[in-house]
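This report describes a protein chain, its surface, its charged pairs and its aromatic rings. The sequence and the structure come first, and the description follows.

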Amino acid sequence: MRTGRFPALLAMCVGLAAPAAADGQIRLRDFVITEGASLEGYLGNFAAITVPQIDSTEKAVAGVGEVSVRGILRLMGRENQTVDVAFDGGIRQFATGGFQLRNYAPREHSGSVETMYQRLIRSGTLTAQTGARLRSISDRPPLPIYLSPGYDRYTAGVSYLHRGLFDLGVEGEIADYLAPKVQPALDLLDRSSLVVNAGIRKIYRSAAELDRDDYWGLRAFSSYSYHSYPQQGEGSPRIDHALGAGAAFQGRWERLSLELTLEGTRSRSTSLRVEYNAARLNGRADWILGENTQIGLLGTLARKRFIQPDQDALVAGEEADNASILYAELTRHLGDRVSGAFRFGWQKVETNISGAYYTRFGGSFFLRVRPWN
């Protein structure tokens with residue numbers, strides 16, 4: 001990350017929201033410091049067009065150390081309106097092995113800031129938010145170790161939830177990929193987007209559960225996305241139009257919480273090469289085993305089919321063809337302000353044309369500290 005960009009961004013967002021907090025007390029909530037170490041293995045024969053393949057291999061390993069900080073600043077908390085600034089930032093350092101010419105030592109810096117204004121009105125809840133996410137990576141390795149390229153991403157949006165039953169939102173985004181001189185193709189991924197989404201929802205509670213916070217609910221939604229790629233196309237930029245629809249289930253019981261989302265996408269473009277149909281299933285489950293122990297499961301199953309069968313490479317910044325992802329995490333509370341977690345993950349991404357793929361698997365340990373309750 002360019003020196004000074006993230007602190008300056010955080011100061012700007014706090015400064016913009018500070019006038020609203022002039023008559024209130026600023027509070028820091030959910031502040032967490034995380035340190036972690038991972039050992040990962042990589043397999044695959046994918047060809048990524050945005051990374052030089054001079055030193056690619058089909059097997060590689062990496063040790064990763066990381067530290068991150070996140071939290072929420074509540075700048076205003078009145079009966080009917082709030083202003084929050086959520087932030088996070090971190091560093092990941094890799095040590096790799098298995099390449100033919102040399103071993104790489106990529107370092108990743110990332111940070112994000114989001115300012116959210118929420119107001120309760122007579123008929124529902126109005127939300128406005130702005131945000132930025134900055135990411136940079138040095139000494140980026142070739143496959144099968146796949147690391148997304150650096151970018152600056154800025155978003156702004158507004159949404160409305162009517163009496164907890166109907167929601168409507170609009171969000172705009174600008175993404176600028178940071179292309180070094182040796183990888184000018186990354187500039188092709190620069191994108192401007194506009195997304196409109198709407199949904200209806202229903203929450204269910206039984207009389208027997210009123211003494212607890214148990215509930216379950218359903219939401220059906222649809223979306224329209226407009227994406228413009230100014231660096232692609234001859235004479236006029238590439239423009240994609242995507243329609244999406246899906247359903248989501250969410251429930252929470254005494255010791256178990258569950259989320260499932262199924263979504264389908266139909267994307268058409270001024271460039272026939274990138275037109276596709278896709279489906280994605282996301283799931284998450286958290287199970288409390290006792291007073292101090294919790295298990296979490298997170299999974300994704302994605303399937304994608306291009307209309308023109310000539311897209312045979314992983315292009316960073318665009319969706320993969322087929323992805324299967326599974327993470328399991330065991331968390332143990334070690335004290336009032338400290339917890340430790342073991343995470344095991346597996347991910348496989350493959351094309352639907354030649355069978356090219358890459359797989360990542362490994363384990364991690366995280367220590368999370370909350371300096372204040």
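## A nonpolar surface patch

I121 has a relative accessible area of 36% and is therefore partly exposed, where buried means under 20% relative accessible area, exposed over 50% and partly exposed in between, with a 1.4 Å probe and protein chains only. The residue belongs to strand β4, which covers residues 107–121; helices (H or I, at least four residues) and strands (E, at least two) are DSSP runs numbered from the N terminus. The model is predicted, so that local features need pLDDT of at least 70 and side-chain atom pairs count only at pLDDT 80 or more, while totals for chains, interfaces and linings use all residues. Residues are numbered from 1 along each chain as its sequence is written, and side-chain values use heavy atoms, with hydrogens and water left out.

I121 is also one of the residues of a nonpolar surface patch, together with L126, V158, L165, F166, L168, V170, L194, V196, I200, Y224 and L243, and the accessible area of the patch is about 950 Å². The elements β7 and β8 each give two or more residues to this patch. Patches consist of residues with over 30% relative accessible area and no salt bridge, like charges being joined within 9 Å and nonpolar side chains (Val, Leu, Ile, Met, Phe, Trp, Tyr) within 5 Å; accessible areas come from the Shrake-Rupley method with a 1.4 Å probe, and for residues only the protein chains shown count as cover.

## The chain as a whole

The protein chain contains 1 helix and 16 strands, and 38% of its 373 residues count as buried. Among contacts with a separation of 6 or more, 59% are between residues 24 or more positions apart, a contact meaning heavy atoms within 4.5 Å.

## Salt bridges

The structure holds 14 salt bridges, each defined as a side-chain nitrogen of Lys or Arg within 4 Å of a carboxyl oxygen of Asp or Glu. In one of them D167 pairs with R219, with the closest N and O atoms 2.8 Å apart. This pair links distant parts of the chain, since D167 lies in strand β7 (residues 166–177) and R219 in strand β9 (residues 215–229), 52 residues apart. D167 counts as buried at 7% relative accessibility, whereas R219, at 22%, counts as partly exposed.

Strand β7 also holds E173, whose side chain meets that of R191 in strand β8 (residues 191–204), 18 residues apart, in a salt bridge of 3.3 Å, N to O. E173 counts as buried at 15% relative accessibility. A further salt bridge joins R238 and D240 at 2.6 Å, N to O; R238 is buried at 5% relative accessible area, and D240 is buried at 4%.

## Aromatic rings

A search of the whole structure finds 7 aromatic pairs. Rings of Phe, Tyr and Trp (its six-membered ring) pair if their centres lie within 6.5 Å, with planes under 30 degrees apart counted as stacked, over 60 as edge-to-face and the rest as tilted. Ring pairs link Y204, W216 and F249 into a cluster.

Charged side chains also sit over rings, which requires NZ of Lys or CZ of Arg within 6 Å of the ring centre and within 35 degrees of the ring normal. The charged end of K202 is placed over the ring of Y204, 6.0 Å from its centre, and R153 lies over the face of Y151, 4.3 Å from the ring centre.
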